[in-house]
Amino acid sequence: MKIAIGAGTGTVGGPATYAVELVRALVTMFHEHEFVVLTDKPAPFATLCATRELPMTSPWQQPLWDHVRVPRALAAGRFDLYHATKGVVPRLGKTPAVVTIHDLASHVMPQTFRAAQRIHLGLETPWALAHARVVLAPSQSTADDIARLFPSLATPVVVTPEAAASGLHPPTPDQIAAWRGRRGIDQLACGYLGTIQPRKNVALFVDAFLRAARDRDWRLLLAGRLRPGEEVPSGGGDRRIVHLGAMPADEIAPFLGSLRCMVSPSSYEGFGLTFIEAMACGCPVVGLRNSSIPEVVGSAGVLLDRPDVEALAAVIERLMTDDAMVTDLSRRGREQAAKFSWSETARRTMHAYRLALGEAGAAPS
């Protein structure tokens, strides 16, 4: 089987991590097949398999990339199958496709997206679902959303849970100390990891942190790229709120290891990769009991039933002051994160490939 995998990795985030880790696992486990990554940034895949660079100099070129450059590359390469890892199936060409739908946030919470994004996803997602031979969803919650919002869909949906990035594990005390030294942070801290956008409710976290901290010299560290047009909640300019920007991959472990807890009061997640990353690093997690988050966190973190400032402040204060609770959640989180693996993601994905091509013996996932 000759498989093309479309992977836009110019923007740091969950879909980029997913593409790199999935390709790594597929190449390792299924070396009898040929994999070629079509990507705007070949470097992350260079040591894994063949790549073909398809330039994309601006996010506004995304439709050109998906619907012109990718089909041309597919036709030239004579591929058996194309895996669109970021939710868009080309409108041109005849190569059979599978598609990963990471979430349906734009349909569940359209008010949290700008008009251009709503229009783009409103056109692309229904097309992808209708024209892919198999749909991949990272959680049962997302699979259920697909069934609920697109009830006439006849395309098979395969659930392919994600995992922490390979090599991500609890940092050593020396690594934490070195990272804190470089960043100039020596106070007790909690934090957030992920894109800063409305549905993540980062402003709620900031308000709860300030209520929990009162006059104590704690720090709230916000790590993640800022979605265009958004602002970083600053708590009225409080110096204890620190925006670190997008976090490089090699700094994620010491960042998470330096926190008493990672708080993400998101209203909706297709999977919630940052929860797995935090738990893998031994960092206690706090979130809301909605969408896919209970699937990922299980009983290994603190999940609130609703986005309430006072309730969240109480949890933050407890975790910032209770060493026994932090130690217990750290252990449980590591055990929970270990239940997820990219090898299992790859196994289920290969099942989807075989299902898409109608191969005999494609056992149920």
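1. The lining of the second largest pocket is made up of 10 nonpolar, 3 polar and 3 charged residues. Here Ala, Val, Leu, Ile, Met, Phe, Trp, Tyr, Cys and Pro count as nonpolar, Asp, Glu, Lys and Arg as charged, and the others, Gly among them, as polar.

2. The model is predicted, and local features need pLDDT of at least 70, side-chain atom pairs count only at pLDDT 80 or more, while totals for chains, interfaces and linings use all residues. Residues are numbered from 1 along each chain as its sequence is written, and side-chain values use heavy atoms, with hydrogens and water left out.

3. The second largest pocket holds about 220 Å³ of space. A pocket is an open set of points on a 1 Å grid over the protein atoms alone, where a 1.4 Å probe fits, with protein on both sides within 12 Å along at least five of seven lines; lining residues have an atom within 4 Å of a point. The volume is the space filled by probe spheres set on the points, which are joined across faces, edges and corners. Of the 16 lining residues, Pro90, Leu92, Gly93, Lys94 and Thr95 are the closest to the centre of this pocket.

4. Helices H2 (62-77) and H4 (115-131) each give the lining of the second largest pocket at least two residues. H2 has the largest share, 3 residues. Helices (H or I, at least four residues) and strands (E, at least two) are DSSP runs, numbered from the N terminus.

5. Helix H1 (residues 14-29) packs against helix H13 (residues 342-356) at about 80 degrees, and their axes are 9 Å apart. H1 is therefore roughly perpendicular to H13, a term for angles of 65 to 115 degrees. Axes are lines fitted to C-alpha atoms over the stretch in contact, and angles run from 0 to 180 degrees between N-to-C directions. The contact residues divide into 9 nonpolar, 3 polar and 2 charged.

6. Lys86 sits in the loop between strands S4 (81-84) and S5 (97-100). With a relative accessible area of 42%, Lys86 is partly exposed, between the limits for buried (under 20%) and exposed (over 50%), using a 1.4 Å probe and protein chains only. Leaving aside residues up to four places away in sequence, Lys86 touches Gly8, Pro15, Thr100 and His102.

7. Ser258, in the loop between helix H8 (252-257) and strand S11 (262-264), is buried at 7% relative accessibility.

Methods: Angles under 35 degrees count as roughly parallel, over 145 as roughly antiparallel, 65 to 115 as roughly perpendicular and the rest as oblique. Contact means heavy atoms within 4.5 Å.
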